[in-house]
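Subject: Structure handover

Hello,

Here is the structure you are taking over, followed by some notes on what was found in it. Please keep it open while you read.

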Amino acid sequence: MSSSFPSHKPEVTLSLSLPSISSTTPSEGLKSEERGVKLIELLLSCADHASSGNLHHADSCLREISQLASINGDSMQRLSARFASALAARLVKRWPGLYKALNNTGSARNDIYRARSIFTQQFPCMDFAYAIINRVLVQVMSHERIIHVIDLGSDDPKLWVPFIQGLGHVPDGPPHLKITCVGRNKLAQEKLGARLIKEAESLDMPFQFNPVNVSLRELTLDMLQVKSGEALALTSILNLHVLLAEDDRINSHFGSSKNNGVKDSRQMNEFLEMVKSMSPKAMLLVEQESDHNHNRLVDRFVEALHYYSAWFDSISVAYGEFSCTDRTTLEEMFGNEIENIVAGEGLEREERHERYAKWMVRFGRAGFRPVRLWSETMDEARRVVEAHVLNGYKIINQKASLMICWHDRPIYAVSAWTCFS
């Protein structure tokens, strides 16, 4: 490192490697609970200094955090290490060239698709969401003969194979089914298409697979190939919030916060307007049940700290406190989300999760109403979660949505919507 940056070296070091505890750190004299409280105090103080631009005090906090946090420690230590790294990245971004040079290899980022696969296998959350989506779609579409479902980015056979099987055994025989899959992962789309075509053939179901290799931001109505006479439904699993990404500096000059503190979003408004123009029978939404869409760093930092602490606690129960490749891969995935929430601003900050109450406002403005989920749907979702080997998860029904919670802390909300008639 050049001698022209001596005062910023601690920030750069933290961005390059997450902290690990040495044999002589001050953490030895602290109990786990005391260390956790101290880490939270330091993280909040550091976020406040980073937000106000006080680099000296932010650096001082990061030095202390690095002595107490560790990616190989308990859940609070590991979580703190990820947040410390995110704060360090935010500070280094003041020098765009330096930040890009430190992050241009991508070597610190695990394959996101491998992480999602591990996550789906290890935790009941996606099985819970898939069970609800399948139950609702089959009930809504059971009497339709021409069905078109648009998958906004899941690419997961575990969602669509059971759906095809469910439609394959309706009383009137298999309908004509088209699934449009939207996403940037072309290989995943190809694998999904081949798997679903094979499944449909085994049921003698007329089937069409329509891959659309674009992001949600690039999606246009003509790409979806919606035709008259189709019974249409859409699903979005942990993806729709990316459309909330906008230039916050511009929005702040125009008083963009409206009902219930919900910020207006041009891109989201246009997307929901496009969806409504297609008159879908249902739109199924799965989103993180937390609010990381605040303009102020400290506000979303506190929300993120609370939300991701539930995940790191859950991971500790699943894997114990012993380090392993799968646990590290999962925590790296969440760490990337944390960095985007903490270090990102404007269009680059895509992890703008919002609670179900705010999605209600957005969908209501756009001309949608919530669909109350059937009691059978609740029962099936509960069976899925209770059958999972990992204890601590439960289902709650709240304002026409189903939420999965980790020890009473809501993690994901699943909701169904339809257009006002």
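Helix H12 covers residues 297-319, which makes 23 residues. At 1.5 Å a residue H12 should span 33 Å, and its end C-alpha atoms lie 31 Å apart, so the two values agree. Just after H12 comes Gly320, with a positive phi of about 75°. Bear in mind that this is a predicted model.

Next, the surface. Ile40, Leu44 and Val302 make a nonpolar patch of about 200 Å². Ile40 belongs to helix H2, residues 32-52.

E7 takes in residues 393-398 and E8 residues 401-406. The two strands run antiparallel and are joined by 6 bridges. Asn397 stands opposite Leu402 in E8.

Last, the cysteines. A disulfide is a covalent bond between the sulfur atoms of two cysteines. How many disulfides are counted in this model? The count is 0, taking a pair of sulfur atoms within 2.5 Å as the rule. Are Cys181 and Cys405 buried or exposed? Cys181 has a relative accessible area of 0% and Cys405 one of 1%. Buried means under 20%, so Cys181 is buried, and so is Cys405.

Regards

Definitions and conventions
Residues are numbered from 1 along each chain as its sequence is written. This is a predicted model: local features need pLDDT of at least 70, side-chain atom pairs count only at pLDDT 80 or more; totals for chains, interfaces and linings use all residues. Side-chain values use heavy atoms; hydrogens and water are left out. Two strands pair if DSSP finds at least two bridges between them. Helices (H or I, at least four residues) and strands (E, at least two) are DSSP runs, numbered from the N terminus. Patches are made of residues with over 30% relative accessible area and no salt bridge: like charges are joined within 9 Å, nonpolar side chains (Val, Leu, Ile, Met, Phe, Trp, Tyr) within 5 Å. Accessible areas come from the Shrake-Rupley method with a 1.4 Å probe; for residues, only the protein chains shown count as cover. A salt bridge is a side-chain nitrogen of Lys or Arg within 4 Å of a carboxyl oxygen of Asp or Glu. Buried means under 20% relative accessible area, exposed over 50%, partly exposed in between (1.4 Å probe, protein chains only). The expected span of a helix is 1.5 Å times one less than its number of residues.
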